[in-house]
Amino acid sequence: MLLAIWHDLSDVRLAEALDDRAGFRRELAQHGLDQVLFEAVTRQLEVKGVRVRTGTLVDATLIPSASIRQDGEAKRAGHRRRKPVHGHKAHLATDEGAGLVRGVEVTTANVHDAAGLVAMQPPKAGNVYGDSAFTGGLAERLIISRGGRPRTVWTGT
């Protein structure tokens, strides 16, 4: 809504712009509103009784930059079997049962998948399902320290 007001956009134009422009999403982050808005929506869901009940799915996904020259904040990240990507990484935690996003952290692409776990793992996460990036020492200790139980999902990739 703030972006619509700032840029005088109708609902339809706002939806199109959000789908089309990473800059709008970045503008929310620059104003420090991305996390504030996410937490406000999460609190409203909790007031309505929507909570993590069964477990949490955690993962990270690369978000390529539209332009290497214009996105000076982005970093390059490689993968064993894929072409390197210049951009950012979204670390997400979703409720296993309802599929609701419970936590999100956006970093540069070169940050390890499990590094976003501190910010994205909700309290009382239950079983925490993640791929091999979330196995081992630090990630498993963090999950356990917040009352979760680490569970590895092998994707075969």
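Searching the whole structure turns up one cavity of 30 Å³ or more. A cavity here is a set of points on a 1 Å grid over the protein atoms alone where a 1.4 Å probe fits but cannot get out, and its lining residues have an atom within 4 Å of a point. Rolling a probe the size of a water molecule over the atoms shows where empty space is left. The volume of the largest cavity is about 40 Å³, where a volume is the space filled by probe spheres set on the points, with grid points joined across faces, edges and corners.

Before going further, a word on the model: it is predicted, so local features need pLDDT of at least 70 and side-chain atom pairs count only at pLDDT 80 or more, while totals for chains, interfaces and linings use all residues. Residues are numbered from 1 along each chain as its sequence is written, and side-chain values use heavy atoms, with hydrogens and water left out.

Back to the cavity. Its lining is made up of Val128, Gly130, Asp131, Phe134, Thr135, Glu140, Ile143, Pro150, Arg151 and Thr152. Strand S5 (127-130), helix H6 (137-145) and strand S6 (149-152) are the elements that give two or more residues to this lining, and S6 has the largest share, with three residues. Helices (H or I, at least four residues) and strands (E, at least two) are DSSP runs, numbered from the N terminus. Sorted by class, the lining has four nonpolar, three polar and three charged residues. In that sorting, Ala, Val, Leu, Ile, Met, Phe, Trp, Tyr, Cys and Pro count as nonpolar, Asp, Glu, Lys and Arg as charged, and the others, Gly among them, as polar.

Now for the fold. The protein has six helices and six strands, and along the sequence they follow the pattern α-α-α-α-β-β-β-β-α-β-α-β. Of the 157 residues, 33% are buried, meaning under 20% relative accessible area; exposed means over 50%, and partly exposed is in between (1.4 Å probe, protein chains only). Among contacts with a separation of 6 or more, 47% are between residues 24 or more positions apart; contact means heavy atoms within 4.5 Å.

The largest nonpolar core has twelve residues: Val58, Ala93, Ala114, Leu117, Met120, Ala125, Val128, Ala133, Phe134, Ala139, Leu142 and Ile143. H5 and H6 each supply at least two residues of this core, and H6 gives the most, with three. Such a core is a set of buried Ala, Val, Leu, Ile, Met, Phe, Trp, Tyr and Cys residues joined through side-chain atoms within 4.5 Å.

Val128 belongs to this core and also lines the cavity. Beyond its neighbours within four places in sequence, Val128 is in contact with Thr56, Val58, Gln121, Ile143, Gly148, Arg149, Pro150 and Arg151.

Lys89 is in strand S3, while Asp113 sits in the loop between strand S4 (101-108) and helix H5 (117-120). Lys89 counts as buried because its relative accessibility is 9%, and Asp113 is buried too, with a relative accessible area of 15%. A polar contact of 2.8 Å joins their side chains; a polar contact is a pair of N or O atoms within 3.5 Å, and within protein one must be able to donate a hydrogen and the other to accept it, with residues adjacent in sequence counting only if both atoms are side-chain atoms. The Lys89 side chain also reaches the backbone oxygen of Val111 at 2.8 Å. Leaving aside neighbours within four places in sequence, Asp113 is in contact with Ala60, Lys89, His91, Ala133 and Phe134.

Strand S3 (residues 82-95) also holds Asp95, which is buried, with a relative accessible area of 4%. Over in strand S2 (residues 75-79) you'll find Gly78, which counts as exposed because its relative accessibility is 60%.

| Pair | Apart in sequence | C-alpha to C-alpha |
|---|---|---|
| Gly78 and Asn110 | 32 residues | 7.7 Å |
| Asp95 and Val128 | 33 residues | 9.5 Å |
| His88 and Ser65 | 23 residues | 7.2 Å |

Apart from its neighbours within four places in sequence, His88 has contacts that include Arg26, Ser65 and Asp71.

Notes. On a 1 Å grid over the protein atoms alone, a cavity is a set of points where a 1.4 Å probe fits but cannot get out, and a pocket is an open set with protein on both sides within 12 Å along at least five of seven lines; lining residues have an atom within 4 Å of a point.
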